[in-house]
Amino acid sequence: MLGNYVAYLEFLDKKLTKFFKSQKPFIFCKKGCAKCCKNAEFPYSALEARYLIDGALSLSEPVQKRIEENLQKTIALKKKFKGKKFLYNCPFLIDDVCCVYDYRGIIC
């Protein structure tokens, strides 16, 4: 199943690359921007989560430790949260850069 998902991601990436090239004058995102990765929700399917975890496990131990710290902070914030919609920074965002970019979810 994961193989089919990777093939789908490759197909989707080709389509999106073409789209983003055509929209380049209107897109201001660049490495380090991270606006979309902060104060948001990150709904992943089970398959996306599995792929994301595989990517995280391929990272160095210090980076995995930072991710774990980010996750623990997010969990603590959620426990204290009393509102209706919990928004948070992506735990894979380190120094405003996605550390699992090649394994990111479709929403990203």
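The exercises below, each with a worked solution, go through the predicted model shown above.

Residues are numbered from 1 along each chain as its sequence is written. In this predicted model local features need pLDDT of at least 70, side-chain atom pairs count only at pLDDT 80 or more, and totals for chains, interfaces and linings use all residues, while side-chain values use heavy atoms, with hydrogens and water left out.

**Exercise 1. Overall layout**

Find how many helices and strands the protein has, and the pattern they follow along the sequence.

Solution. Begin with the elements, which are DSSP runs numbered from the N terminus, helices being H or I with at least four residues and strands being E with at least two. The protein has three helices and two strands, and reading along the sequence gives the pattern α-α-α-β-β. Next take the extent: the C-alpha trace spans about 45 × 35 × 30 Å along its principal axes. Then turn to the contacts, where contact means heavy atoms within 4.5 Å; among those between residues at least 6 apart in sequence, 78% join residues at least 24 apart. Finally, of the 108 residues, 21% count as buried, where buried means under 20% relative accessible area, exposed over 50%, and partly exposed in between (1.4 Å probe, protein chains only).

**Exercise 2. The largest pocket**

Describe the volume and the lining of the largest pocket.

Solution. A pocket is found on a 1 Å grid over the protein atoms alone, as an open set of points where a 1.4 Å probe fits, with protein on both sides within 12 Å along at least five of seven lines; lining residues have an atom within 4 Å of a point. The largest pocket has a volume of about 1300 Å³, a volume being the space filled by probe spheres set on the grid points, which are joined across faces, edges and corners. Of the 37 residues that line this pocket, Phe20, Cys29, Tyr101, Arg104 and Cys108 are the closest to its centre. Helix H1 (2-22) and strand E2 (97-98) each supply at least two residues of the lining, and the largest share, nine residues, comes from H1. By kind, the lining divides into 23 nonpolar, three polar and 11 charged residues; here Ala, Val, Leu, Ile, Met, Phe, Trp, Tyr, Cys and Pro count as nonpolar, Asp, Glu, Lys and Arg as charged, and the others, Gly among them, as polar.

**Exercise 3. Salt bridges across the chain**

Solution. A salt bridge is a side-chain nitrogen of Lys or Arg within 4 Å of a carboxyl oxygen of Asp or Glu, and the structure holds four of them. The side chains of Asp96 and Lys38 meet at 2.8 Å, N to O. Asp96 is partly exposed at 31% relative accessibility, and Lys38 is partly exposed at 34%.

The side chains of Lys85 and Glu41 meet at 3.7 Å, N to O. Lys85 counts as exposed at 52% relative accessibility, whereas Glu41 counts as partly exposed at 41%.
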